[in-house]
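The following report examines selected local features of a structure.

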Amino acid sequence: MRVSKRASSAVALGAAFALVASGCSSSDSDGGDAGASSDGAITIDGTQPEVGLVPSNTTETGGGAIIDWIWTGLVEYPNDGSAPRNAVAESIETSDSKVYTVKIKKDTKFHDGTVVKAKNFVDAWNWGAYSPNGAQNGSFFADIQGFDQVHTEDPDGAEGPKKAPEPAAKEMSGLKVVDDWTFEVTLAAPTAVFPTKLGYSTFMPLPDAFFTQGAEAFGKKPIGNGPIKFVSWEDDVQIKLTRFDDYSLNDKMKIKDVNIKLYQDDTAAYNDLLAGNLDFQQQVPVSAIAGDKWKNDLGERAISSTTPSTGIIAFPIYDKRFQNPKLRRAVSMSINRQEISDKIFFGSRKPADSWANPLTPGAKAGNCTACQFNVDEAKKLLAEAGGFTGELVMFYNADASHKEWMEAVAQQVKTNLGINARAEGVPTFAVFRQNINAGKMTGMYRAGWQQDYPDVENWIGPLYVTGGSSNDGKYSNPQVDALAKEAASAPSLEASHAKYAEAVALIDQDVPSIPVYFGGQQSGHSEKIKKIELSNVGELDLTSVEL
Amino acid sequence: MGRYLLRRLLQLIPVFIGTTFLIYWLVWSVPGDPFAGKCGERPCPDSFVNMMTEKFKLDEPLIVQYGNYMKNLFQGDFGQTFGGREIGDIIATAYPNTLKLALVALAIEAVIGLTAGVLTGLRRNGFLDNLVLVSSLFLIALPIFVIGFVAQWLLGVQWGIVKPTVSSEMRLSELIVPGFVLGSASMAYIARLARTSIAENRRADYVRTAIAKGLPMRRVVGIHLLRNSLIPVVTLLGTDLGALMGGAIVTEGIFQINGIGRQVYRAIITKESATVVSIVVVLVLVYLLMNLLVDLLYAALDPRIRYE
């Protein structure tokens, strides 16, 4: 029975009465400014992580950013979006893209002082893949041989009454520790992009303490191996980080303390930024973007950047009304993306003209011919497709700001094609995703994609290959599947990218979804910060900050 | 008096059970699978959904879940959120913050509202009366978030008098602006209620008698007039504490106060029945106890009121 903690709530309530009644609240100072020294401190905005900070179990951005800061993986992604480079890894070698030998650097440490060894990676990956642990990112280990032995699928889906069988093994057969500094990874099938994936947070090493403490306790006080270490976490209020002085890799911190203030409202954060109460906000609120108000407010402290993400409208291809590629192409070509970019997003997002975001290595700009705005061609294609009868509803989740652009798209389709189109909000993201997951969408719907790791594979595999993890519209083209498979098993990344380009050409003919805009980000910082860089996905690179 | 109190306390039990079940059922009926949107633009792995369903016994019928929840509640266990936080801890941190804000708001509205009400009630149709009339209308008409944003922007960003948001220490000085914003609408109601009540009682026989006896005006107003006129105001103030706590959600959001508002909002969105019910349970208790307190205060204000 758990009692001890709960009893405190009644006491605290009484204490609050007493505090207010006597008019004396605690009056610690704010921490004070440390000034513009190299030991300075900054306060940045964040959101309360939804779950404990365990790399393979965090999928949302609030916790994801913190994991990116306090961990360093085998490889890391340069801020300019170029090809990944080795970080903890000394070398990652393969002759056939199937068996990889990973050597790690000998002098890196976890924040608890223990040395990062090969087994810390192997143990962490095995934990993440083992299905009874229920890690949200577990499927990222599916490339590795023996994944199907540790990760069992529910025979009738999570909704059904049957339970998933106990996995036959606890460890993947494809992972082998050779010595303290070397391990060998055997994949189920050749995968050229595998080393690129290794910088994604799921593949971070875990110290022995993780296994003695258990995931829940560890997640509240995580121990990483990155340039910044975790200090404390006050739920819904703040998370404190500080420089890890024993960090031996390149990106050392130039400042000392980082206080992540956990906001519930981005306007509150923005007002704090304007008042000098906050040093960095990753994304200013929508209300500040209208009419470029944020640029007037912040002047030189406004940072406009692009992120490798794309706003998409997807087709439920399982619905027979949407099975004709000509119809899909007609809808796509009737959308004036430039106008939406200018009028709805005030130029903060760029019109999409390619299938994979061009900021991603291996992706080509301008390869989406279906993204061109051409009303005559669209009308012709619609006529060839036999028109569209009934109402074309475009769904979006109403708990985020998608209403305006979705309505604009629906209006354009209506005006340009004469289809009876309209946009409809679904109250919450949860209900929206539930319908999508269940394959019950009765119209087109908003989707979006931000890369997990910088390679064109991450834009094709999950979205357009049969059975891909986010191929929600159930698009399937055997030729695309075959090319993607060839690309994955290509001997080099260049060869792989060439194959993906071929696959994209086929996707462009089929138009399984409609890319609408490329992501942009509007950040701001305080006068205190002299130098700042953003990571390849638009997060603040804390190691770059200079005061 | 003792029997009255006992009866009132016993009445709390069915109200308590009724409200908690109703809320449990309502949250349960909110559409949406709690784990459908957890993993971004891809469905969560079955293994994760299975683990969570089993851990929180979400496949049981509603009545069984509610029964389990109540059983644990009586053992002092509020349960856990889906993210693994103890709901008891959330309540222990969030409630005092909201209560503090609500009490500040209550104090501000009582002082300003009553002063304005008494002054205008005694001297009606003057300049001050019209001023209070217009400004109270203004406060009632404006939605709370407008007052909040304007106050935050003007005082916090433009003039820099206060910090735009409240720090985690929740100092009393920082709570004055949010407290004023939260209490603004009620303040206007209290001013108008007090004004009417005073104006009405001003013509009562006992006030005329008191004046005729030659008592000083201060005593007539302070002891005779105010005490009787306060009854409706106290009723409003009493229930207002509950309303302020429950209605702080907008104010808490604007001023970044870690109170129950954000917790309830988050819990409703993520379909965490246990969290919603636990937070509302305490809110219901506050309402019930404040109502009882108000009823008991009547006797102190007007000795003619007796309890059977």
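B:Asn125 is found in the loop between helix H4 (87-122) and helix H5 (127-141) of chain B; helices here are DSSP runs of H or I with at least four residues and strands are runs of E with at least two, numbered from the N terminus. Its phi is near 65 degrees, a positive value in a residue other than glycine. B:Asn125 is exposed, with a relative accessible area of 62%, where exposed means over 50%, buried under 20% and partly exposed in between (1.4 Å probe, protein chains only).

The model is predicted: local features need pLDDT of at least 70, side-chain atom pairs count only at pLDDT 80 or more, and totals for chains, interfaces and linings use all residues. Residues are numbered from 1 along each chain as its sequence is written, chains are lettered from A and ligands numbered from 1 in the order in which they are written, and side-chain values use heavy atoms, with hydrogens and water left out.

B:Gln256 lies in the loop between helix H10 (249-255) and helix H11 (260-269) of chain B. The phi of B:Gln256 is near 60 degrees, again a positive value in a residue other than glycine, but B:Gln256 counts as buried at 7% relative accessibility.

Also in chain B, helix H9 (residues 217-246) has 30 residues and should span 44 Å at 1.5 Å a residue; its end C-alpha atoms are 40 Å apart, which agrees. The expected span is 1.5 Å times one less than the number of residues. H9(B) bends by about 50 degrees at B:Leu226, the bend being the angle between axes fitted to the seven residues ending there and the seven starting there.

In chain A, strand S9 (residues 238-243) is largely enclosed by the rest of the structure, because five of its six residues are buried. S9(A) pairs in the antiparallel sense with strand S8 (residues 228-234) over six bridges, and with strand S10 (residues 257-262) over five bridges; pairing requires at least two DSSP bridges between two strands. A:Trp233 has A:Ile239 in S9(A) as its bridge partner, while A:Leu241 stands opposite A:Val258 in S10(A). Three residues separate S8(A) and S9(A) in a hairpin, and A:Asp236 in the turn has a positive phi of about 65 degrees.

A:Leu241 also belongs to the largest nonpolar core, which has 73 residues; A:Leu241 and A:Leu542 are among the members that touch the most others. Such a core is a set of buried Ala, Val, Leu, Ile, Met, Phe, Trp, Tyr and Cys residues joined through side-chain atoms within 4.5 Å. Beyond its neighbours within four places in sequence, A:Leu542 is in contact (heavy atoms within 4.5 Å) with residues including A:Trp69, A:Leu241 and A:Val258.

Over all chains there are 34 salt bridges, each a side-chain nitrogen of Lys or Arg within 4 Å of a carboxyl oxygen of Asp or Glu. Some of them are tabulated below.

| Salt bridge | N to O distance |
|---|---|
| A:Lys176 and A:Glu184 | 3.6 Å |
| A:Asp272 and A:Lys261 | 3.1 Å |
| B:Arg171 and B:Glu169 | 2.9 Å |

A:Lys176 is partly exposed, with a relative accessible area of 48%, and A:Glu184 counts as partly exposed at 22%. Both A:Asp272 and A:Lys261, by contrast, are buried.
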